[in-house]
Amino acid sequence: MQTSHENIKKNESQLIESSKQATQQEDIRTDRSFDTIADHFEKKVYGGLKGDIRLAVLRRDIFEYSTQMRQKLGRPLRILDVGAGLAQIAIELATQGHSVVINDISANMLEKAQASVAQIDKDWDLKDLDITWYVCPYQALQDKLAKETNKFDLIMSHALLEWLAEPAKVMDFFDQHLTDDGALSLCFYNPASFDYRNLIMGNFNLLDNTDYKADNKKSLTPNYPVAKEEVESWLAAHHYHIVRTSGLRVFHDYAPLKRGGHNDPEAVIRMELRYSQLEPYKWLGRYLHILAARHA
């Protein structure tokens with residue numbers, strides 16, 4: 001019978017071997033599409049409590065801010081969701097009366113998003129909502145949005161930066177299509193969480209392997225995440241000021257033993273929401289959410 005220690009060493013060896021196989025391929029960075037694994041993405045990201053926590057934090061942050069913006073402007077907002085994936089937040093904003101443009105590089109992902117509208121609210125149908133759908137890389141949106149006379153009050157980009165070959169360049173796109181007093185909602189994978197989780201799990205060999213790369217045929221762990229300091233530097237350079245920062249899943253993923261309140265999903269979400277905006281806990285989130293307003 002294998003001991004727990006032997007199992008850990010075996011898991012480390014498997015991860016490292018997988019890394020070696022991945023690095024044998026030519027390392028050419030391209031923008032990532034989840035078109036071929038849309039079902040896997042939906043189940044893995046949103047098929048359980050992890051997805052519920054993610055959406056709960058984003059809903060709180062974005063809906064509070066969009067409500068404030070709507071009151072200030074005295075009208076519904078024009079919203080763009082870039083790399084929207086399943087587009088849950090964008091669709092819910094449309095049900096609130098906002099005009100929404102939803103984009104993703106994957107046709108399969110947007111088909112799933114369209115099919116989900118009825119599940120959000122049985123009274124809603126796609127034809128009742130002000131949604132425009134564009135299947136293309138964000139770089140191709142330039143031509144598609146050329147006919148738009150008004151810029152966007154809010155641009156959302158969730159779990160996109162870490163999958164772009166040149167993530168810093170998307171800031172120029174945001175600048176071009178955001179109103180002077182508009183806001184960005186950026187949600188991205190936190191590389192510090194990768195280190196911290198593997199420290200807790202004892203995967204020291206994995207952390208010592210500087211050549212480690214996840215097998216991104218199905219893995220949803222990005223090989224080129226961007227640190228919050230990098231994102232903050234982009235925002236400062238493009239004259240945005242940060243309004244709110246939150247961590248998504250600040251403790252859920254780090255709890256190997258599910259006991260006490262961990263067995264109550266509602267309690268977990270309540271505590272995740274509470275600590276998602278508190279120092280230092282929010283910086284441990286598996287993902288980080290930054291709301292940044294443009295300097296008028």
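Which residues form one aromatic cluster? I found Tyr 138, Phe 173 and Phe 174 in it.

I worked on a predicted model, in which local features need pLDDT of at least 70, side-chain atom pairs count only at pLDDT 80 or more, and totals for chains, interfaces and linings use all residues. Residues are numbered from 1 along each chain as its sequence is written, and side-chain values use heavy atoms, without hydrogens and water.

Aromatic pairs. I paired rings of Phe, Tyr and Trp (its six-membered ring) with centres within 6.5 Å, calling planes under 30 degrees apart stacked, over 60 edge-to-face and the rest tilted. I counted five aromatic pairs by this rule. I noted both Tyr 189 and Tyr 287 as buried (under 20% relative accessible area; exposed is over 50%, partly exposed in between; 1.4 Å probe, protein chains only).

Charges over rings. I required NZ of Lys or CZ of Arg within 6 Å of the ring centre and within 35 degrees of the ring normal. Arg 54 has its charged end over the ring of Tyr 287, 4.9 Å from the centre. The charged end of Lys 228 lies over the ring of Trp 283, at 4.4 Å from its centre.

Helix α11. In residues 228-237 I found Lys 228, Val 231, Trp 234 and Leu 235 buried.

How values were computed:
Helix = DSSP H or I, 4+ residues; strand = E, 2+ residues; numbered from the N terminus.
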